[in-house]
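Biologist: I am new to reading protein models. Could you walk me through one, feature by feature?

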Amino acid sequence: MWLLAIDPSITDAGVALFKDTELQWARGVHSKASTKDPKEVRYKVMSDSIKSTLNGLVPDVLVLEFPEIYPRCKARPNDLMQLAGLVGYLAGTIQASKVV
């Protein structure tokens, strides 16, 4: 079973690929999109960048961290909303048998 885990970010995502329980690789994926691009463009560029690391492999399971707002958190709500949009975009564009 192939499992792809993603710590999402609009600019620099963390990505790890596991075969059964063994880590195959982990790396940062940098988006080449401009911070001035519309968010939809930034989502697509990050998704394409992550997919390119897979070299055509289709994971059985895709694990995505979903952003949450915590009390006393310094994160800006708008940033978290854009991150949540990216998570939804990744879930819909990275092919996998199961998304968690």
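**Reading the helices and the sheet**

Modeller: Let's start with helix α2 (residues 77–93), whose 17 residues reach 24 Å from the first C-alpha to the last, close to the 24 Å expected at 1.5 Å a residue. The expected span is 1.5 Å times one less than the number of residues. Helices (H or I, at least four residues) and strands (E, at least two) are DSSP runs, numbered from the N terminus. This is a predicted model, where local features need pLDDT of at least 70 and side-chain atom pairs count only at pLDDT 80 or more, while totals for chains, interfaces and linings use all residues. Residues are numbered from 1 along each chain as its sequence is written, and side-chain values use heavy atoms, leaving out hydrogens and water.

Biologist: Which residues of α2 are buried?

Modeller: First, the general idea: an α-helix has 3.6 residues a turn, so residues three or four places apart point the same way. Buried means under 20% relative accessible area, exposed over 50%, and partly exposed in between (1.4 Å probe, protein chains only). In α2 the buried residues are L80, L83, L86, V87 and L90. Seen down the axis of α2, they fall within an arc of 110 degrees, so they line one face of the helix. That arc is taken from the directions from the helix axis to the C-beta atoms. The face turned away from the buried side of α2 carries the exposed residues P77, N78, M81 and G92.

Biologist: What covers the buried residues of α2?

Modeller: The cover includes β1, α1 and β4. Contact here means heavy atoms within 4.5 Å.

Biologist: How many aromatic pairs does a search of the whole structure find?

Modeller: A pair of aromatic rings is described by the distance of the centres and the angle of the planes. Rings of Phe, Tyr and Trp (its six-membered ring) pair if their centres lie within 6.5 Å; planes under 30 degrees apart count as stacked, over 60 as edge-to-face and the rest as tilted. The search of the whole structure finds one pair. The ring centres of Y43 and Y89 are 6.0 Å apart and their planes are at 45 degrees, so this pair is tilted. It links distant parts of the chain, with Y43 in helix α1 and Y89 in helix α2, 46 residues apart. Y43 is buried at 9% relative accessibility, and Y89 is partly exposed at 28%.

Biologist: What is the order of the strands in the sheet?

Modeller: Strands of a sheet pair through backbone hydrogen bonds, either parallel or antiparallel. Two strands count as paired if DSSP finds at least two bridges between them. Here five strands form an open sheet in the order β3-β2-β1-β4-β5, with mixed pairing. β3 and β5 (98–99) stand at the edges, each with a single partner strand, so one side of each is left without a neighbour in the sheet.

Biologist: In which sense do β1 and β2 pair?

Modeller: Strands β1 (residues 2–7) and β2 (residues 12–19) are antiparallel, over six bridges, and they form a hairpin with four residues between them. β1 and β4 (residues 61–64) pair in the parallel sense over four bridges, where I6 stands opposite L64 in β4.

Biologist: Which residues does S49 touch?

Modeller: S49 sits in helix α1 (residues 39–52). Leaving aside residues up to four places away in sequence, S49 touches V29, H30 and S31. With a relative accessible area of 16%, S49 is buried.
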